[in-house]
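Trainee: I would like to learn how to read salt bridges in a model. Please take me through them one at a time.

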Amino acid sequence: MLRTLIEIARHELVVALRTRRALMGAALYLGAASIGGLAYARIVRRIEQTAIDVIQSQSGMDSAQAAEAVRLNAESGYQDVLAWFAGVPIDELAPSLVGSPVLPMFLWCSLSFLPFLILLTSFDQLASDLQARSLCYSTLRARRSEILLGKALAHTAIFVVLTAASSVVLLLIAGSAFASGSFSEAVPGMLRIWLLLIPFGITYLGITSFSSVIARQPFSALLLAIGIAALLRMLSWLGGLPEGHPLALLRPLEWMSPAMHQSGFWRAGIAAPAGSALAYAVIGGAFLLAAAAQLERRDL
């Protein structure tokens with residue numbers, strides 16, 4: 001079975017990399033990471049330099065003293081903003097995120113935009129083959145579930161490589177734009193984020209796999225995947241309903257939403273990030289199982 005999965009994944013990977021949609025998605029993701037990282041670094045450095053110039057002109061400090069004063073004054077405000085973005089108290093945030101100027105930006109942007117990349121590049125895993133009724137003519141003697149998993153494995157490899165490449169780009173930007181120790185200090189935190197993004201991405205890959213099997217044509221699969229992702233996002237809003245609301249009984253459904261498990265990625269330690277990663281893996285696995293079950297019932 002493993003050999004079959006690898007062969008299907010290899011073939012799907014070659015096919016995906018030849019499509020304009022996948023190449024455009026990869027270029028857009030890497031380009032956004034590069035441009036966004038450079039713009040972010042430039043803005044931070046410009047703000048710091050302006051503050052240093054103001055302090056020097058008003059107090060007569062030398063540049064080193066002014067830079068230290070700016071750092072101390074900015075640290076509290078930066079931590080407050082970071083805690084607001086993460087939705088986690090500052091004392092519970094992972095130290096690697098608190099101490100790096102680039103890691104929080106990378107994590108927040110990945111959690112916000114990686115789902116769109118996966119939806120746009122992976123929605124047609126099986127929809128075209130099912131529409132053309134060509135899946136039954138596969139040259140490999142593989143079960144339907146193996147074909148599904150092999151294709152999902154190939155698309156997993158794509159987003160894993162893209163997030164790794166984006167990590168390297170941002171690390172290089174951090175090393176050149178910020179303090180000399182920023183690069184070495186950011187590497188463990190970036191590796192932590194990259195590993196956590198794998199189960200996060202599998203959730204949305206499971207959604208695209210399920211949509212690709214259910215839909216009658218590729219464009220319908222894309223719309224269905226977007227609709228499912230939006231519905232899951234709305235489930236997280238149920239937690240804000242008051243006790244007397246007619247829909248208050250549905251509040252436990254909020255835990256079915258991937259958005260409810262993002263905060264664990266920001267927290268210190270191992271238990272919270274591992275718990276969130278497990279929740280994402282379970283949600284993605286559930287969609288993959290549902291896709292496999294539906295594919296077995298499809299008339300090819």
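Mentor: Start with E146 and R143, whose side chains meet in a salt bridge at 3.2 Å, N to O. The term means a side-chain nitrogen of Lys or Arg within 4 Å of a carboxyl oxygen of Asp or Glu. This is a predicted model, in which local features need pLDDT of at least 70, side-chain atom pairs count only at pLDDT 80 or more, and totals for chains, interfaces and linings use all residues. Residues are numbered from 1 along each chain as its sequence is written, and side-chain values use heavy atoms, with hydrogens and water left out.

Trainee: Is E146 buried or exposed?

Mentor: Buried means under 20% relative accessible area, exposed over 50%, and partly exposed in between (1.4 Å probe, protein chains only). E146 has 5% relative accessibility, so it counts as buried. R143, with a relative accessible area of 52%, is exposed.

Trainee: How many salt bridges does the structure hold?

Mentor: There are 4. One of them joins E12 to K151, with the closest N and O atoms 2.8 Å apart. E12 is in helix α1 (residues 2-18) and K151 in helix α7 (residues 144-177), so this pair links distant parts of the chain, 139 residues apart. Helices (H or I, at least four residues) are DSSP runs, numbered from the N terminus. E12 and K151 are both buried.

Trainee: Which residue forms a salt bridge with E92?

Mentor: R267 does, and the closest N and O atoms are 2.0 Å apart. E92 lies in the loop between α3 (63-86) and α4 (95-98), and R267 in the loop between α10 (263-266) and α11 (271-297), so the pair ties together parts 175 residues apart in sequence. E92 counts as partly exposed at 33% relative accessibility, and R267 counts as partly exposed at 22%.

Definitions and conventions. Helices (H or I, at least four residues) and strands (E, at least two) are DSSP runs, numbered from the N terminus.
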